[in-house]
Amino acid sequence: RRPRRRGYRRVAMIHYPKRYWGLPLAFRWFGSPFPRTIPFAALSVAITTLLQLADDWKATIVDAFGHPYPFQVYAFVIGFLVVLRTNHALARFMEARAAVEQMQSKWADAVLMLQAFDGVAGGVKSWDSGRRFGAHAPSDGSDAFVARIVHLVSLLHALALQQLRGDEDMRNLVVARQRRGNGVDLAPAISLSDANADVAADVVAVAIGENSDASIERGVRHSENDETHKVVRVVLTGEAFEKHRSRSTYNLGGAFHQTAAVADAHRHREKLLSAFSLTEADEKWRACCAATPLAVVGGVDGAELAALQRLDCDRAYLVMSWIHALVVARAEETEGLRVPPPVLSRVYQTLSDGMLGFNQADKLAKTPFPMPYAQMLTVLLLVFNVTLPVMIAGNVNALWLALVMNVVSVVAYQGLNETARELEDPFKPTHANDLGLPQLQAMFNSKVRAATPGASAQIDQLEQMKAVRSVERRE
């Protein structure tokens, strides 16, 4: 069973178990639309009780009712409108998630291409991006360039998410946690003499070795003193995998749950929100943004902070201009980005595609559900809640049955409407069922850092320099 992570519920989308036919989900409170239907159900139940206990009123209603058909038509129309709004809200929610994923994917691809073009291009710059043997390390500033790109793209992504959720406070950007470990391989190369003892049947082929029953990859290891040693590179599974698990560079299992490095004193967002109503109050909005900060690889230094604070919005475009300028400057250097210009242009195209995804998401964040539709449906549902008890009083004699039918009908209609009201705004930090932007930021940081293993030392150095400054700024 997967262990619980501290702070997981406050930063991520709500993930729920599906065991036992989903029945435990019925008792979940946080993020549920059911509590928000209680005020409407209470109003309708009160009217129903009054009409059922007042004999004179009930007799008048029974005499007045010939057939419930007129109310059935009204209930059918409202049900159709509620379902239509719910479908539209689900479409907005999934479209927003798809747009953010496009933004993440394209910008991560741009980082991957830049590190490949700058560090693995032909000529004197040819080197192993994996740094498996510590050989062919570049000496022309490639690591510093890639580390700077990773930082700027992470900052770009964080600022884009900030704009999507309507957050202008730069204090809500904090330094990301550092990587773990020193190597880049899940399991290191082992000698031929240790292969049979350590690996045995737990080897999965990387390449077919000569005259060997096991599938292995034999190569040459170049050490610092230029001595040559035969090695075997394997992919480990089973017990052999467990022996080397702790040597991994990056905690892949924890990347999904990694959050910003914030103090434990910050209150969880679930303590700031009411289960009985959706809120958009300014103080709640700011508190929710502060409780769910976004982690930036390398943090934000003073010069960047000063430049960004001159803008009230669209800060992502400023960082995008920095990235373009950095790429152009690096391409003009003798040893930088040694690829043909048509190939390098793919980087600019990919960055532009990611910005298109951001603008698609921003379109949804800035375009609310049409007010006339929401207003009409709200009024019609209120009328439904008031007239439903009259219809029940004219057709149901038992008080307990009248109350059950009333609660079930009101909760069904209002519950779907409340679900639609929340899902149609997937970026609002005051909604418990938002897209979990800190989680998305942590996942993006994981992607760009996994794509740039050679620059890990430079990235960690940036984070060490900015971590204290970032924490001081939040305090």
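Is Cys288 buried or exposed, and what is its relative accessibility? Cys288 counts as buried, at 0% relative accessibility; buried denotes under 20% relative accessible area, exposed over 50%, and partly exposed the range in between, with a 1.4 Å probe and protein chains only.

1. Basis of the note. The model is predicted, so local features need pLDDT of at least 70 and side-chain atom pairs count only at pLDDT 80 or more, while totals for chains, interfaces and linings use all residues. Residues are numbered from 1 along each chain as its sequence is written, and side-chain values use heavy atoms, with hydrogens and water left out.

2. Cysteines. The structure holds zero disulfides, a disulfide being a pair of cysteine sulfur atoms within 2.5 Å. The closest cysteine sulfur to that of Cys288 belongs to Cys289 and is 7.1 Å away, which is too far for a bond. Cys289 likewise is in no disulfide, with the sulfur of Cys288 as its nearest cysteine sulfur. At 1% relative accessibility, Cys289 counts as buried.

3. Nonpolar cores. A nonpolar core is a set of buried Ala, Val, Leu, Ile, Met, Phe, Trp, Tyr and Cys residues joined through side-chain atoms within 4.5 Å. The largest has 60 residues, of which Trp107, Leu173 and Ile323 touch the most other members. Elements that give two or more residues to this core include α4 (69-119), α11 (315-332), α12 and the strand β7 (294-296); helices here are DSSP runs (H or I, at least four residues) and strands likewise (E, at least two), numbered from the N terminus. The largest share, 14 residues, comes from α5. Apart from this core lies another, of 18 residues, among them Ala41, Leu81, Leu377 and Met391.

4. Met355. This residue is in helix α12, residues 341-366, and is buried, with a relative accessible area of 8%. Leaving aside residues up to four places away in sequence, Met355 touches Trp107, Leu156, Ala316, Tyr317 and Met320, where contact means heavy atoms within 4.5 Å. Met355 and Ala99 are 256 residues apart in sequence, yet 9.8 Å apart in space, C-alpha to C-alpha.

5. Helix α2 has 20 residues and reaches 28 Å from its first C-alpha to its last, close to the 28 Å expected; the expected span is 1.5 Å times one less than the number of residues. A kink of about 30° is centred on Phe40, the bend being the angle between axes fitted to the seven residues ending at a residue and the seven starting there. Buried residues of α2 include Ala41, Ser44, Thr48, Leu51 and Gln52, and their cover includes α3, α13 and α14. Gln52 has a relative accessible area of 7%. Among the residues that Gln52 touches, not counting those up to four places away in sequence, are Lys58, Ile392, Val396, Asn397 and Ala402.

6. Helix α13. This helix (residues 371-395) has 25 residues and reaches 36 Å from its first C-alpha to its last, close to the 36 Å expected. A kink of about 30° lies at Thr387, shortly before the proline Pro389. Among the buried residues of α13 are Leu377, Leu381, Phe384, Leu388, Met391 and Ile392. An α-helix has 3.6 residues a turn, so residues three or four places apart point the same way. What covers the buried residues of α13 includes α2, α3 (55-64), α4 and α14.
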